[in-house]
Structure formats: C-alpha cells, structure tokens
Amino acid sequence: MIAAISENRVIADKNGIPWYIPEDTKQYKERIKDEVVVYGNGTFNPDEREIPPSKHQIVLTRSEKSIDRECTTYVTGIIEAIKVAKDFGTDELFILGGGEIYAAFLPLADRMVLSEIPGEYEGTVYFPEWNESNWNESKQEDGYEEFTITHYERKRNPITEYLKTSRE
Ligand SMILES: NC(=O)c1ccc[n+]([C@@H]2O[C@H](COP(=O)([O-])OP(=O)(O)OC[C@H]3O[C@@H](n4cnc5c(N)ncnc54)[C@H](OP(=O)(O)O)[C@@H]3O)[C@@H](O)[C@H]2O)c1
C-alpha cells in the first residue's frame, strides 16, 4: 500500500489531498511506474490526460463500468482485482487508495510505504488504523524536504499462517 498521510492519518478532505508537495508526487509516480496498481472509483480519474505511469490500473467499483482503454480494467470486488493482477503476471500488487480501498486491503497487505507529512490536518478521509504489533518499520527514506518515507513490513501474513496451520 502506498499513501501520503498526515500525523493524524488524514489522506484527504472534501476537496481532495489537503497539501501540495510536488516532490511527493514525483517520487510516487516513479514508484508506481510500470507496476500493476489498484484504485477505488473515488480516486481514479478516467480522463485520458490523467493516465498514471503504471503498467495497468485496476479500478474497484460496485457498479458495472467499462472503459475503452487497454491499460485500465474495472472490477467489482477484491478477489476479482487480485485475479486480474495475476493475469498480468505480476507478483506484487500496489494499492493506491483512497480510504475505502486502503481499509479493504489492509488485512491482506504485507508492505506499506507511507509518505509521512508533518502536522495534523482537518480531513474527511483517513488511512485505516493499523495494529503496530503486527508491523515492523523496515526502512526510512530521508532526503525529502517536506516529508519522510517509512516502509512497514507485516511480521507475518495471517492468510499464509492460516494455510500453514490448516495443513498441520
Ligand atoms: N493521500 C493519499 O495518499 C491518497 C491516496 C489516494 C486517494 N486519496 C484521496 O482519497 C479520496 C478518495 O477516498 P474514498 O475513500 O472516498 O474513495 P476510494 O477508496 O478511492 O473509492 C471508493 C469507491 O470504490 C468502490 N469500492 C470500495 N470498496 C469496494 C469493494 N469492496 N468492491 C467494489 N468496489 C468498491 C466504490 O465505487 P462505486 O461508488 O463506483 O461503487 C466506492 O465508492 C480522494 O479525495 C483522493 O484524493 C488520497
């Protein structure tokens, strides 16, 4: 999961992202380049001029939607999103928000790369709370002026653990 979050976990207010940090947008675009990514329909912008640099965009919606573009697929659920990603031969799926989508994928995620924006913001959309005892801070990327990037790795994946136990 990749997100930019404030100290009080705000990711957006009613007008969108409440900060303007071009340096973060730049590193984000570089990170998702050529990857298979997932958005919620509240975040994805179907405008031709806004196509992200990722290899393929999978967009979650509960309604039937389609788009005449090879690099974008609409899906109606998480399992379908994962299946579509598999068809692209990727072994890593990037979850790019917004709030509903981060909350839906948090139990399945094994890595979070968070741009941590200093300060508290008023907001309407939040990154979900995560249980710190399940995650290790694995890496910090410094060198950015207005934020820090922290990588978090899940200590163990509950689904893998479950599958292992059921075999024993
Ligand atoms: N700071 C950051 O890093 C960051 C990153 C990304 C986004 N954002 C911000 O977050 C805001 C949007 O967040 P949001 O929570 O309102 O919306 P969202 O998570 O982007 O999208 C929500 C939509 O996704 C679909 N959806 C959600 N769960 C689903 C499920 N289980 N199965 C199928 N479809 C599902 C529904 O679409 P339908 O209504 O079409 O059914 C739902 O309305 C925007 O302001 C955006 O700028 C911030």
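**Notes on a predicted model**

1. Let's start with how the chain holds together. Of the contacts in the protein chain with a separation of 6 or more, 60% are between residues 24 or more positions apart. Keep in mind while reading that this is a predicted model.

2. Next, the overall dimensions. Taken along the principal axes, the box filled by the C-alpha atoms of the protein chain is roughly 45 × 45 × 25 Å. A compact globule with 168 residues would have a radius of gyration near 15 Å, and the protein chain has 16 Å, so the two agree. Buried residues account for 28% of the 168 residues.

3. What is the chain built from? There are 4 helices and 10 strands in the protein chain. If you walk along from the N terminus, the elements come as β-β-α-β-β-β-α-β-α-β-β-β-β-α.

4. Now find the open sheet of 4 strands, whose order is E1-E7-E10-E9, with mixed pairing. Its edges are strand E1 (2-6) and strand E9 (135-141), each of which pairs on one side only. On average, neighbouring strands of this sheet are turned by 30 degrees against each other, direction ignored. As background, strands of a sheet pair through backbone hydrogen bonds, either parallel or antiparallel.

5. Zoom in on one pair in that sheet. E1 and strand E7 (residues 111-117) run in the parallel sense and share 5 bridges. Two places to look: Ile-2 has Val-113 of E7 as its bridge partner, and Ile-5 sits opposite Glu-116 in E7.

6. The ligand is surrounded by 25 residues, and the closest are Gly-40, Gly-42, Gly-97, Gly-98 and Gly-99. E1, strand E2 (10-12) and helix H3 (99-105) are the elements that give two or more residues to this shell. H3 gives the largest share, 4 residues. Sorted by type, the shell has 11 nonpolar, 12 polar and 2 charged residues.

7. Which kind of peptide bond joins Gly-97 and Gly-98? A cis one, with omega about 5 degrees. As for its place in the chain, Gly-98 belongs to the loop between strand E6 (93-95) and H3.

8. Arg-9 has a backbone angle worth checking: its phi is near 65 degrees, a positive value in a residue other than glycine. You'll find Arg-9 in the loop between E1 and E2.

9. Asp-34 counts as exposed because it has 9 C-beta neighbours inside 10 Å, and the exposed class takes 12 or fewer.

Terms used: Residues numbered from 1 in each chain as written. Predicted model: local features only at pLDDT ≥ 70, side-chain atom pairs only at ≥ 80, totals over all residues. Pairing = 2+ DSSP bridges. Axes fitted to C-alpha atoms, helices over the stretch in contact; angles between N-to-C directions. Near = placed C-beta within 6 Å. Nonpolar A, V, L, I, M, F, W, Y, C, P; charged D, E, K, R; others polar. Rg over C-alpha atoms; globule rule 2.2 N^0.38 Å. Buried ≥ 20, exposed ≤ 12 C-beta atoms within 10 Å, placed from the backbone. Contact = placed C-beta atoms within 7 Å.
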